[in-house]
Amino acid sequence: MNELKCSSGILRDNQIIKILLVEDNVVEAELLKELFLQIKTTQFVLTHAQRLSHGLKYLIEFTFDIILLDLSLPDSQGLNTVVQVKAQAPTTPIVVLTSLNDQKMAIEVVRKGAQDYLVKGQFAGEGLVRAIRYAIERERDREAIRQQAKRERILERMVEQIRRSLDLEEILHTTVTQVRQFLKTDRVLIYRYQAEKSKTLLLEAADYSDGYPDIAAINELLNLPKKMSINENLIQLNNNRGESNLEPKSLTFHDQSVLAIPIRNSESDMKNPQSIYHRLWGVIIAHHCTQSRQWATWEIDCLNQLVKQVAIAIQQSELYQKVKTDNQHLQQLVKIDSLTQIANRRRFDQVLADELLNSRRNLNPLSLILCDIDFFKAYNDTYGHLVGDDCLKQVAQAICQGAQRPTDLVARYGGEEFAVILANTDTAGAFVVAQKIRYQMDKLKRPHAKSPIHPWVTLSLGIATTTSSGQLSPTELVEKADRALYKAKALGRDRIFSANSDLDW
């Protein structure tokens, strides 16, 4: 993750510096006031406190740029004076002004948080001013570094939360929630762009009970290009002024501010793999509705860096979903017969084993129907294999129309042979399904000129059923149905035979 930019603490000329002087010696205080009045490049505003308690009270009520502190006060002496002031104003620089020329004390004072240690009578006016300016700049640099580190820790936690999931909806929901809390703004929205489609509002995190003003400028803002160069990564719209290095706009707001940053996916150009372009996935918008607001540079930097991490999380999520979908498709291909688009032999074996276990566990009957196209070799020899393939497809659909329950499985068992697994179905129920299949075949009436029994394509069907008293293995059940099918063929084909009841129909 890139480091956040740290603002400079350098003081400008003509800048007002507010000083709290804690000094019990009134004469010393007056001399310092006169000294500051002689400085023309900088304006000093001095507040004088003769006791530490008074100074601490001022620190509660007002803000100061620097504290000039004597160590010998009526109500405090030595290092404890620095400790108390630092506890009350931890980020305000302290310069100690003392009559005590003690190097050891000077080191301890700096360790306790003071920026400098000056001995009265040993510095000129310019030296004090330089010490003050240096102390302020140094403390501001330290505070900027502390704030930068704090923001980076917050940003890392936000990124960790966002990238914890591979689910796109969860990623976006976490993003809008985290950003709204981080920026302390009224409303955060994520819009999605898709090629040839209009923008779509995906998610919104909001906490503004009076309803949101409808700002036409937001819609105008969302007319962004689908591709961007690497430098086109930031849009800022604020009050009556629109700034965009994507597309310059002049937008009008009424006491409202919008900060919008594109969410970009990096992609390689297929024609030139070395060339990277940035596809616009969407845009995240922070909308401050209740009043105008000038977005700080660090807020823009933080949001910009966060959005880069969000874009990575989105790409990972989309890749994961694509792999998941591809795997599901492959799993389907493994289970589906490529010609007839019904279950294949592998799927049949899996389902039959599972259903037999359920049948044994619940003491429910399970029936199996094996179907074979009569005289299919003669059909292929007469019409050719392409027409034969079309015949197999139509027969598969006819069998599916006869076995329509969600729990029924129709599979291509091999060649011109099909199988139907009927869960929780006894012999009588299996006969009903078999009759429906024959009815569908009669409706089909696909011509078969070389059939010696009918002028159209017919099926022979064999039924086998498990019972609570005699459970069978998958192999045993298939063999039993196959014997019933052989019997149906032996009796003249185009008929149903049940191994359990010796019924022939």
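User: How many bridges join strand 18 to strand 19?

Analyst: This is a predicted model, in which local features need pLDDT of at least 70, side-chain atom pairs count only at pLDDT 80 or more, and totals for chains, interfaces and linings use all residues. Residues are numbered from 1 along each chain as its sequence is written, and side-chain values use heavy atoms, without hydrogens and water. Strands (E, at least two residues) and helices (H or I, at least four) are DSSP runs numbered from the N terminus, and two strands pair if DSSP finds at least two bridges between them. Strand 18 covers residues 459-466 and runs parallel to strand 19; the number of bridges joining them is three.

User: Which residue of strand 19 is the bridge partner of Ile463?

Analyst: Strand 19 (496-498) is an edge strand, pairing on one side only. The bridge partner of Ile463 there is Ser498.

User: In what order do the five strands form the open sheet?

Analyst: The pairing in this sheet is mixed. One edge is strand 16 (409-414). The order is 16-17-15-18-19.

User: Is Leu363 buried or exposed?

Analyst: Leu363 lies in the loop between helix 9 and strand 15, with a positive phi of about 55 degrees although it is not a glycine. Buried means under 20% relative accessible area, exposed over 50%, and partly exposed in between (1.4 Å probe, protein chains only). Because its relative accessibility is 58%, Leu363 counts as exposed.
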